[in-house]
Amino acid sequence: MTHDQHTPVSNQPEELSALAAEQPLFRAPSEGVAGTAAPPEPDDGLEHVEGYGRPEYDALSAEVWTAPTAVLPDIGEASFGPPHPVVETVHGPDDRVQITNTEIYPWRAHASLLITAADNSRWIGTAWFIGPHTLATAGHVVHIKNSGVPGRDGWVKSIQVMPGRNGTTLPYGSVTSTNFRSVTGWTQSGDENYDYGAIIIPTELGSTTGWFGFGAWPDADLLKSVGNISGYPGDQPPGTQWYDGRAISSVNPLKVYYDIDTAGGQSGSAVYRIVDGARYGIAVHAYGGATTNSGTRITRPVYDNLSNWTA
Amino acid sequence: MTHLITGVVRDATGNPVPDASVYLTAGPEPYPDIAVLSAADGSFRLAVRADGVYTVQCRTPDGSVSETSVTAGGDRPARATLRI
């Protein structure tokens, strides 16, 4: 028996329709109890960081754009792929700036990670507090899939979590976790659309550092948002935190795409927006990409899992 | 299909450099934005999914940076030597 070739399909998956129709869904952040938070931000969706300037082209309104004159790719490339383009994680000028006051919120809610995999190889990554003892991160940070190296795949052995790290300075110390979460879409299927997870730490350190809110917003809200990413890239001095922010480029039902500069080591960073002075994760950064980088979108199921993992 | 990029980080005299962060900066398709630390013998192994040319970069603890391009594909790992 053959499958019916006339089974209808759509380019509007149910999840997209449902998300577009629903009201925004979000959990509130906390600024923690240690010291002071960063000063109030200008209402432009970006963090106010000395030395950071939003690229001029990124701030142009949609009305300013004119039709492209460049040769556009054949639509066949959408199905069969382009002829081996080269893709990079830093696009054009590198706009990242170093965060040096990492002991204050929101920077202290980001953590530098030292990961020890099952084969004892060591990796660096980033995570962000979403509750007193829970940090969100990429699935491939907590569970390695399809490595091609014997003994490496599977849950990592341990992760040393260093919130607000600034080089050799650990303003909130460090805590080691062996307790991780992810979803079968990543751990069994290795599907990048489900590349998210969590680290559960054995202390309530997040109550001190504070945490980010997170939420699921309809496409229209995300597409008019500015995305912010801060994390711990491997191309900078070890353990230093770097920030960049730009407009969200595009979204699909499971991913968010952006031209925010990152580098290896920033997997697991929050992609967040600022709403009325509060910071909300909208995606988990995970991949370098063609003209944009990308993260796993916080949809309703992701929101539900992250919420449950904070319990 | 997974392809391996294996290599070693060495200093100017050929000695292995441990604890260098090694990561991809360019490739033919999206790749995980994570970095591996070179082992005590300077070695590292990264996995990629697509055939093609990748740029591998490293940064040593003392701030030296090196990069090289390798072609991943086929049955054998691509070999990258990063010399500081």
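Where is the place of A:Asp276 in chain A? A:Asp276 lies in the loop between E17 and E18 of chain A; here helices (H or I, at least four residues) and strands (E, at least two) are DSSP runs, numbered from the N terminus. The model is predicted, so that local features need pLDDT of at least 70 and side-chain atom pairs count only at pLDDT 80 or more, whereas totals for chains, interfaces and linings use all residues. Residues are numbered from 1 along each chain as its sequence is written, and chains are lettered from A and ligands numbered from 1 in the order in which they are written.

The phi angle of A:Asp276 is near 50 degrees, a positive value in a residue other than glycine. A:Asp276 belongs to the hairpin of E17(A) and E18(A), which has two residues between the strands. It is exposed, with 5 other C-beta atoms within 10 Å. The scale behind this word is as follows: a residue is buried if 20 or more other C-beta atoms lie within 10 Å of its own, exposed if 12 or fewer, and partly exposed in between, with C-beta atoms placed from the backbone. A second residue of chain A that is not a glycine, A:Asn120, has a positive phi of about 70 degrees. A:Asn120 is located in the loop between E4 and E5 of chain A, and it counts as exposed because it has 10 C-beta neighbours inside 10 Å. Another backbone feature concerns the peptide bond from A:Tyr105 to A:Pro106, which is cis with omega near 15 degrees. A:Pro106 is found in the loop between strand E3 (97-99) and strand E4 (110-116) of chain A.

Strand E17 (residues 270-275) of chain A runs antiparallel to E18(A), and six bridges join them; A:Ile274 has A:Arg279 as its bridge partner in E18(A). E18(A) also pairs with E19(A) in the antiparallel sense, over four bridges, and A:Ala283 stands opposite A:Arg297 in E19(A). With E13(A), by contrast, the pairing of E18(A) is parallel and extends over two bridges, and in E18(A) the partner of A:Phe214 is A:Gly281.

Helix H7 (residues 300-309) of chain A has A:Val302, A:Leu306 and A:Trp309 as buried residues. These cover an arc of only 65 degrees around the axis, which puts them on the same side of H7(A); the arc is that of the directions from the helix axis to the C-beta atoms. On the other side of H7(A), A:Asp304 and A:Asn308 are exposed. The cover over the buried residues of H7(A) includes E5, strand E13 (213-216) and strand E19 (293-297) of chain A.

The text now turns to the contact between the chains. Two residues are in contact if their C-beta atoms, placed from the backbone, lie within 7 Å. The contact takes 33 residues from chain A and 26 residues from chain B. On the side of chain A that touches chain B, the elements that give two or more residues are strand E2 (87-88), strand E5 (122-131), helix H3 (139-142) and strand E18 (278-288). E18(A) also pairs with strand E3 (residues 31-32) of chain B in the antiparallel sense over two bridges, and A:Gly288 stands opposite B:Tyr31 in E3(B).

Chain B has zero helices and eight strands. An open sheet of three strands in chain B has the order E5-E1-E8, with mixed pairing. Its edge strands are strand E5 (43-48) and strand E8 (78-83) of chain B, each of which pairs on one side only. Strand E1 (residues 3-10) of chain B runs antiparallel to E5(B), and six bridges join the two; in E5(B), B:Val48 is the bridge partner of B:His3. Buried residues make up 49% of the 84 residues in chain B. The C-alpha atoms of chain B fill a box of roughly 35 × 25 × 15 Å, taken along the principal axes.

Methods
Two strands pair if DSSP finds at least two bridges between them.
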